[in-house]
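Please walk me through this protein model.

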Amino acid sequence: LIHHEGKYLAARRRETGDCAGMWELPGGKRESGETDRVALAREVREELGAEVLAARHLLSWTHDAGNSYLTFHLFRVRLFDPDVVQPFAATELRWLEPADFIALDFPKANAPILDRLRRYHRLKA
């Protein structure tokens, strides 16, 4: 959950693969031997061309994806330079106000994030 000046960064998925065209939080899979923080820094660099300044763990949850279970670890992230982000792994990036952010079409697995943001910002469902 990358934030800057009261806004959150959303990335639109490419038009192929799972959840094509939907919005997501930049990030990705942890590779063998990586810690969560090392994976986070690598994914931000690969997907956005940016460097993590600070990251704080917010929550973890497991999602039933039908044929497997996925475990998510959400970090609240600040970047060294938010102005350098590029959509290397997405078709589009947007910095959005909280209400606009949670109104986007996210995969079902992101429901815990959106619920937490609704409560935190006191937004209606």
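## A pair of strands

Strand β4 (residues 52-64) and strand β5 (residues 69-79) run antiparallel and are joined by eleven bridges. Strands here are DSSP runs of E with at least two residues, helices are runs of H or I with at least four, and both are numbered from the N terminus. Two strands count as paired if DSSP finds at least two bridges between them. The model is predicted: local features need pLDDT of at least 70, side-chain atom pairs count only at pLDDT 80 or more, and totals for chains, interfaces and linings use all residues. Residues are numbered from 1 along each chain as its sequence is written, and side-chain values use heavy atoms, with hydrogens and water left out.

R56 stands opposite R76 in β5. S60 stands opposite H73 in β5. The hairpin of β4 and β5 has four residues between the strands. In this hairpin, G66 takes a positive phi near 95°.

## Helix α1

Helix α1 covers residues 36-48, which makes 13 residues. Its expected span is 1.5 Å times one less than its number of residues. After α1 comes G49, with a positive phi near 70°.

Which residues of α1 are buried? They are A39, L40, R42, E43, V44, E47 and L48. Buried means under 20% relative accessible area, exposed means over 50%, and partly exposed lies in between (1.4 Å probe, protein chains only). The buried residues of α1 pack against β2, β4, β5 and β6 (92-96).

## Two nonpolar cores

A nonpolar core is a set of buried Ala, Val, Leu, Ile, Met, Phe, Trp, Tyr and Cys residues joined through side-chain atoms within 4.5 Å. The largest one has 17 residues. L1, L25, L74, F101, F106 and L117 have the most contacts inside it. β2 (7-12), β4, α2 (98-102) and α3 (111-121) each supply at least two residues of this core. Apart from it lies another core, of 13 residues, among them L9, L48, A50 and L79.

Contact means heavy atoms within 4.5 Å. Leaving out residues up to four places away in sequence, L25 touches L1, L9, L74, F101, F106 and I113.

## L96 in strand β6

L96 is found in strand β6. Is L96 buried or exposed? It is buried, because its relative accessible area is 11%. L96 and K7 are 89 residues apart in sequence, yet 5.0 Å apart in space, C-alpha to C-alpha. With neighbours within four places in sequence set aside, L96 is in contact with G6, K7, Y8, A10, F101 and L104.

## The largest pocket

The largest pocket has a volume of about 1,300 Å³. Of the 38 residues that line this pocket, R13, G27, G28, K29 and F72 are the closest to its centre. α1, β4 and β5 each supply at least two lining residues. β5 gives the most, with seven.

A pocket is found on a 1 Å grid over the protein atoms alone: it is an open set of points where a 1.4 Å probe fits, with protein on both sides within 12 Å along at least five of seven lines, and lining residues have an atom within 4 Å of a point. Its volume is the space filled by probe spheres set on the points, which are joined across faces, edges and corners.

Most residues other than glycine have a negative phi. E5 has a positive phi, near 50°. E5 is found in the loop between β1 (3-4) and β2, and is exposed, with a relative accessible area of 69%.

R122 also has a positive phi, near 55°. R122 lies in the segment after α3. It is exposed, because its relative accessible area is 76%.
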